[in-house]
Amino acid sequence: MSHVSLPSPDLAILQRRNDILKQLKKVAPGATLITDQEGRRTFETDALTAYRCLPLAVVLPGSTEEVSAILRFCHENHIKVVPRGAGTSLCGGALPLEDAIVLCVSRMNKVLSIDLANRAAQVEAGITNTGITEAVAGDDFFYAPDPSSQIACTVGGNVATNSGGAHCLKYGVTTNNVLGVRIVLMNGEVLDIGGSSLDAPGYDFLALIVGSEGQFGVVTEVTVRLIKAAEGARPMLLGFDSNETAGACVAAIIAAGIIPVALEFMDRPAIHVCEHFVKAGYPLDVEALLIVEVQGSEDEIDTLLEKITEIAEDFHPLVMRRSQSAEESAKIWKGRKAAFGAIGQLSDYYCMDGVIPLSKLPKALDEIGWICRRYRFDVANIFHAGDGNLHPLILYNANDPLQLERVESCGAEILKLCVELGGCLTGEHGIGIEKRELMSLQFSDADLEQQMRVKAAFDPDWLLNPGKVFPLEGRGAQ
Amino acid sequence: MTGHMRVGFHAPDSVEELAYLVAEAADTRTPLEVMGRGTKREVGRPVQHGSVLSTENLVGVPLYEPSELVVVALAGTPLAQVEALLAENEQEFPFEPVDLGPVLGFDAGQGTIGGMVAANLSGSRRILSGAARDHVLGVQAVNGRGDTIRAGGRVMKNVTGYDLARGIAGSWGTLAVMTEVALKVLPAQREVRTVLCFGLADLNGVEALCLALGTPFEVSGTVHLHAGLAERFSDQEIANAGATVTAIRVENFPASARYRSSRLKQMLQAYAPALELDTMRSRIFWNEVRALKMFETSEGPLWRISTVPSTAAKLVASLARKIDVRVMYDWSGGLIWLETPPISDAGAVEIRRTLAEFGGHATLIRAETGARAGIDVFQPLDAPLMALTSAVKNAFDPVGILNPGRMYAGI
């Protein structure tokens, strides 16, 4: 294990394990309780697989009432709780602790109501992200945030991390698309925040809860905003001879008043890996590739793509290709969405999520290249260019402990660079344990103390998802 | 007053000075009335303050990057000044902040950008583009301890730490004094079309608005007004219609806006669309909606009610049986601006009783000071939410010096 450590477990809790499990069974008899080693093994990590820890037990409740009973019991007995959706966190957000119960909401996966007249759906937190869109696609509606893990990840997890996705340039991220939540606080209290109207009375608790990484409460139900699908959508590919030119073209498109529904960027290594894996038809003789997607009627799409073509011509693209069919569009997106998996076939990778101001894009890519070369790692860049959210994938060998340590240092340098350029540590993956110690790069002590005070307003005993988000030292002071 | 702080009006020139004043107020437990230029100071419960702390001297735009869609402004910068700057670059705040100034006795365009965020002012385009809070990328603020804090940043996507920036938005200066805000902007719409129907009953008007929002045409404005209010628009054709007005807006590049309005008219055939406004007339119409012009000349209590769109008309009908109300529905019915006659409790009891039945919440935007002292201006919260409100207030302002009591007693 590398430099990120977990808080030392409460031995008294570990000693009481058998007793705790017996009582837990009693407080929520309907919940599925996993106590054997084999079963717990499934939950020992999330998508940040370098870190593993067997929890005290795993509990899968079937209702808000059960969640409430479990949390109340844990609160009374001072037992830590790690909330979990599908465990797709890339930052260790769902990593268990030895003395904690993992509370997994994946059994609570129903659509509770769909209200197309008011364009809202109420769902349980364990439903997958795509599960929502599938439920309303027949009426041409959809739920907008679309993280790459959308087939697996839960909306509860999306709320915890304020997930984004490829199409959030136009439609916003989770916080812009959630109207209400039912949340259970650590003491078992059930609160309804917001609902199907567009704002809620009093303080904007929804803003605080979305993105709180499971540290404020366990969200059991979510009311989301539904959007009517556009008449059509079509991507085009733009290939350039340098990252700089591609970056300048992105800025020019936006400056012309066009907000494409998606604007994705891949550098040469990423293009080659994806093309090899998916055969999406990406050009191989370019340094940088943009996928630009626009929406509307056929005429509107043609007009917009024409405008984008005119803008792009000033940057002498090597390739300009509009998708000619639905199949071709699907293939283009399949390549992009499969990118992480494709690179994973090739090598282990460490996925970063820093954000930079768009005008700093060429400088950032250049510096990231230098940093990785200095650490002797290959890097592939694939990201949401419209909003400056970078995803450098650093290729390394996870079985070599020295490499793991080195790749983490390399990643930390990249994130430091992002902050220095005016950006931030994470655009959509969250802090978790992974970037916990880097928080002080971006925030002053006063900033972090304010965040911790808000955390304590929701969970005064710091029992929910502890050891994450804040530098371990700082949290100890609470 | 218990301490040494000078009673009166403070408008510091720097964040450092402002933080010092707040720290001093915290030490001496001096309650502060926090404001920008004070255009909305009549909203809320009357604040029992020792001194006024204004951000009006914190003016400027340290950063504006049109190609990054971001602007950073000091809190006291007049909103109109920032909007003029954006307009020079054919950009705008897409949430079209409602201007409460005129209904509160001020000229339009007098408020500050900090005030806009503090009150989460969002206008008709909220249905498409989101609220003011959705466009907040980051804030710098001074909490009730006098600590200068930053939350969020200046980039479009940011999940680094909790979203305190949005949490502070809409808190009416009760959590922290914002000193600088970073906001997302968007390209201004080039072409605007407004489709109007006249004489629809509320139920049908709201139904038409909901139907329009269920189309793929990115409808960006949906209002329905009672006849007595519609006559206050400056567009003579609308003012003289002598009927309710139902208006639906689409915007985009010229060819798109024209295409979309023609498709909308087809889909709304059953509601007999009677008039289409071009870009110029549309802009005037929606600017008057934004400034709540229809409520400007009257002086009755004015409520802002947030509810579920499809039951809005029933809610109003139920209320109208008890009180003589004048109504503009916005957000396809999800937002109701409602004026009552000058009755003693501003209609609070009836309104809240009706809301309990239909769902939603109400804020009293305009009323006499006496009325505001005696009734709940902001929607009362149930006990668990009130406890959380109190805990969050305490996390920012433990001594309770920032706009104490403005939203809720003890907060």
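User: How many residues does the contact take from chain A and from chain B?
Analyst: This is a predicted model, and in it chain A puts 70 residues into the contact while chain B puts in 64 residues.

User: Ok, and which helices of chain A each supply at least two residues of the side that touches chain B?
Analyst: Those are helix 8 (205-209), helix 9 (243-255), helix 11 (298-313), helix 16 (439-442) and helix 17 (445-458).

User: Which helix gives the most?
Analyst: Helix 17 of chain A, with eight residues on the side that touches chain B.

User: What's that side like by class?
Analyst: On chain A, the side touching chain B has 31 nonpolar residues, 27 polar ones and 12 charged ones.

User: Switching to chain B: what does the domain assignment give?
Analyst: You get domain 1 (1-188), domain 2 (191-293) and domain 3 (298-374).

User: What separates the centres of domain 1 and domain 2 there?
Analyst: Taken over C-alpha atoms, the centres of those two domains of chain B are 32 Å apart. The two domains do touch: domain 1 of chain B brings 11 residues to the contact and domain 2 of chain B brings 13 residues.

User: And the classes on the domain 1 side?
Analyst: Where domain 1 of chain B touches domain 2 of chain B, its side has six nonpolar, two polar and three charged residues.

User: New topic. Which residues have the most contacts inside the largest nonpolar core?
Analyst: Val224(A) and Leu290(A), in a core of 288 residues.

User: What does Val224(A) touch?
Analyst: Leaving out residues up to four places away in sequence, Val224(A) touches several residues, including Ala120(A), Ala121(A), Val123(A), Ile132(A) and Tyr143(A). Asn177(A) is also among them.

Definitions and conventions:
Residues numbered from 1 in each chain as written. Chains lettered and ligands numbered in written order. Predicted model: local features only at pLDDT ≥ 70, side-chain atom pairs only at ≥ 80, totals over all residues. Contact = placed C-beta atoms within 7 Å. Helix = DSSP H or I, 4+ residues; strand = E, 2+ residues; numbered from the N terminus. Nonpolar A, V, L, I, M, F, W, Y, C, P; charged D, E, K, R; others polar. Domains from an automatic or database assignment. Core = buried A, V, L, I, M, F, W, Y, C linked by C-beta atoms within 7 Å. Buried ≥ 20, exposed ≤ 12 C-beta atoms within 10 Å, placed from the backbone.
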